[in-house]
Structure formats: structure tokens, C-alpha cells
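Subject: Structure handover and notes

Dear colleague,

Please find the structure below, with its sequence. My notes come after it, so that you can check them against the coordinates.

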Amino acid sequence: EGEETALTATDGSYRVEGLREANYEVWVQAPGYAPPTADEEARVEIPSGAVEVRHDFVLARGAVVSGMVVDPQGAPVRGAHVEVHARGNRSLRERVQDLAAVTAPTGRWRITGVPPRVEVVVRAQHDEWVRTESAPLRLSPGQEQEVRLGLGAGVALAGTVTDTSGRPVAEARVRWGPVGTESERRMRDEFRADQLLTSRVVRTDATGAFRLERLVPGRLLLKVEREGYADWYRKDLTVLAGASPPDVQVELVPALTIAGRVLAATTRRPIAEAWIYAREETPGEDEPLPDEGRVRSLVSTQTDAEGRYTLEGLAPGRHEVVVWLALGYVAETQDRRHESVRRHDVEAGAKGVDFALVRAAEAE
């Protein structure tokens, strides 16, 4: 894993050394030119025994997009960030990157090197308004296209955070993020869901109230956290333009822990710095169906010098506890089916949840 880079010489030649036999993706960036986007252009194979592989690139003249970013009143916006994104599969989106600009005091911007004959969209964002996106564009080599981008005022969402006794929880942190159709799989547990949250944070006041402004209309992921309580998530909230802000009632439950030790099976010596996690179990056949708006909890930690661990911030319920990585021993990363690496149906609050791991050499 990693990247090797080079600059072309005056004759356009380049040389990248120190590569092993493998299949590679190659990115080429040159001012005014479009990056290679087709598989046969961007992928290079270094076969076994090869000393040197020659791969030439013929860069097409890029298209140009320019325009103005304005606020909801039509006034030019200074300092807005504008980016060009490709629409299509993941490989194509990764190859079309670093095409960006920042608006001038006049709200104007200009981006060169846009790949022709590829469907792209232009996005603009600014901290004071809601991000906007252009209609899809498909440009010709050398074409110049003017795009006007209007930032939106956005919509609002309000709510109140209380504990299980109905008392307000002040200074709770509220975070959020938009949810697209491609985000569904990333909300299977809170570790992945956190990647969808923006960096902005709002804290509840003394009455436990909060209000979010400038939200993008649509589906929303919401997270509320406070020390001493289990994290609270909803992934099924919807905010609509022109509608009254939803009033979200959040009830935080006291956080519980699961604790134990990770030891070597044969010597009973503690295993330090082993990674371990707990994930909320899915209900069984005879249990009530889960609340579809929730996100399954997942917390992780490392063992100390004595092999002890404490998984904190868990909601009440059953959890699967797994040793993910322990150097020199069989853990989930080596054999996820090995009986020693996981424990099922562990109730939050349990102590003495110990693991006895087999050395990797012994397992072989």
C-alpha cells in the first residue's frame, strides 16, 4: 500500500521506480489537461519478472467550467469552496479529483482540466449556507461552460435531550450528516455511521434544548452524546423545505461497560495492546424486531499491560464481544471463525468476560 510519484521532464518522459509486480492505478495531473479516466489508460500491470514496463499517456485537452456562487438573496459569496465531481463508479470518481477552486470577492471561480465526455457535477459549499450542486454536465474537449451556483438557506431541526427520569441534559453534543442512497450500508453500526457526520457540533442548553440550522433538505443522520450516557442515534429523520422543523425528543440512557481480560491459552500470561470490540447483537427469531431508526452500537478499546480491558459507553442489551487483533495470536483478523476470538450474548454491565487466545504458530 502507498503511492509513488514522479514529475515529467521537459520531453514529457517520467520514471517511477521501486515497484513490485502488481496491478496499479496511475493518476496523471497536468494544468489544463484532463486526467485519464478509461481503465485501459489508468491501469498498469507489472508482470512477474518484468524489469521495466513502458506506459505512455496521451492527455486530452480539458474542458473549463467557471461561474459565480451567490447566497439566497443573490449576492456574490466570497470564499466558497467549489469542486468538480465525476458521476459513475468508484474508480472513475477517484480518478477525477483535486479539481477545485475558491471564489473571489466577486463570487467568481474557474476550474480547468475537466475531463471531457464524462458526466460531472459542480458542488459549492460555504459554512454560512447549505451546499448546492449543479445539474449533470457532459462537456467536449476545450469547451468552456458557465455555471451559476446558488447556495440555499436550508431548513432547521429542533429537539430536547433528557435522561430516563425526564430531567434535561445540558451540554450534550449534537452532530449530524446528510444520508444518501449510497450511505445505507455505512449505517449498520456506529463506527461506520460516524463517518457520515459533519464536523459541526451544537450543544444543548440548560433546558436540554438544541436547534440545528442550515440543514440540507432530505434524510438526516443524528447523533447525541454526553459523558456517562450511551450514544443516541437516529438514521430515519427527514427535514423538508417549507415544513415546520421536526421536534426530536432524545432520551439518553446511562452507559454500561463490559470488562475482562485477554490471556494466552497455554501460559495464562496477559496479552497487552490487543484490540477488542463489542457490537450490539441483532435480535433472535423470538425477539421483537429492532427499531429501524437506530444504529447498532459498536465500541472498541485496547488491553493494558495486565491484559485487562473495559469497553465503555454501551447501551443496555446483548452484545457480541470480539478480539480483533492480538499480535502473535489468533484473533478475528486471522480466523474470524475460531472459537476463542468471540463471545456471544454478553449483557452490557458484565464483568469477567475473559478470552484465552491460541498462539498463531500453535494454530498452524
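The notes below go from the whole chain to its sheets, its salt bridges and a surface patch.

This is a predicted model, in which local features need pLDDT of at least 70 and side-chain atom pairs count only at pLDDT 80 or more, while totals for chains, interfaces and linings use all residues. Residues are numbered from 1 along each chain as its sequence is written, and side-chain values use heavy atoms, with hydrogens and water left out.

Overall chain

The secondary structure of the protein chain comes to 4 helices and 24 strands; helices (H or I, at least four residues) and strands (E, at least two) are DSSP runs, numbered from the N terminus. Along the principal axes, the C-alpha atoms fill a box of roughly 65 × 65 × 35 Å. The radius of gyration of the chain is 26 Å, whereas a compact globule of 364 residues would have a value near 21 Å. That radius is taken over C-alpha atoms, and the globule rule is 2.2 Å times the number of residues to the power 0.38. Of the 364 residues, 38% count as buried. Buried means under 20% relative accessible area, exposed means over 50%, and partly exposed lies in between (1.4 Å probe, protein chains only).

Sheets and strand pairs

Two strands are taken to pair if DSSP finds at least two bridges between them. An open sheet with mixed pairing is formed by 3 strands in the order S6-S3-S10. Strand S6 (108-114) and strand S10 (144-150) are its edge strands, each pairing on one side only. On average, neighbouring strands of this sheet are turned by 25° against each other, direction ignored. For such angles, axes are lines fitted to C-alpha atoms (for helices over the stretch in contact), and the angles run from 0 to 180 degrees between N-to-C directions. Strand S3 (residues 63-70) and S10 run parallel and are joined by 7 bridges; Ser66 stands opposite Glu146 in S10.

Another open sheet has 3 strands in the order S21-S18-S24, again with mixed pairing. Strand S21 (308-314) and strand S24 (355-357) each have a single partner strand, so one side of each is left without a neighbour in the sheet. The twist averages 25° from one strand to the next. Strand S18 (residues 256-264) runs antiparallel to S21, with 5 bridges between them, and the bridge partner of Gly260 in S21 is Tyr309.

S4 is joined to strand S5 (residues 100-102) by 3 bridges in the antiparallel sense, with Ala101 in S5 as the bridge partner of Val82. S4 also pairs with strand S7 (residues 119-126), antiparallel, over 6 bridges. There, Glu83 stands opposite Arg123 in S7.

Salt bridges

The whole structure holds 29 salt bridges, each being a side-chain nitrogen of Lys or Arg within 4 Å of a carboxyl oxygen of Asp or Glu. Arg95 pairs in this way with Glu25, the closest N and O atoms being 2.9 Å apart. The two residues are 70 apart in the chain, with Arg95 in helix H2 (residues 90-95) and Glu25 in strand S1. Arg95 is buried, at a relative accessible area of 3%, while Glu25 is partly exposed, at 29%.

Arg173 and Glu227 form another salt bridge (3.1 Å, N to O). Arg173 lies in strand S12 (residues 173-178) and Glu227 in the loop between strand S15 (218-225) and strand S16 (232-239), so this pair ties together parts 54 residues apart in sequence. Arg173 counts as buried, at 19% relative accessibility.

Asp236 and Arg234 also form a salt bridge, with the closest N and O atoms 2.8 Å apart. Asp236 is partly exposed at 39% relative accessibility, and Arg234 is buried at 17%. Salt bridges that share partners join Arg173, Asp194, Lys223, Glu225, Arg226, Glu227 and Asp231 into one network.

Surface patch

Tyr14, Val16 and Leu19 form a nonpolar patch on the surface, with about 220 Å² of accessible area together. Patches are made of residues with over 30% relative accessible area and no salt bridge; like charges are joined within 9 Å, and nonpolar side chains (Val, Leu, Ile, Met, Phe, Trp, Tyr) within 5 Å. Accessible areas come from the Shrake-Rupley method with a 1.4 Å probe, and for residues only the protein chains shown count as cover. Leu19 is found in the segment before strand S1 (22-25) and is partly exposed, with a relative accessible area of 33%.

Regards
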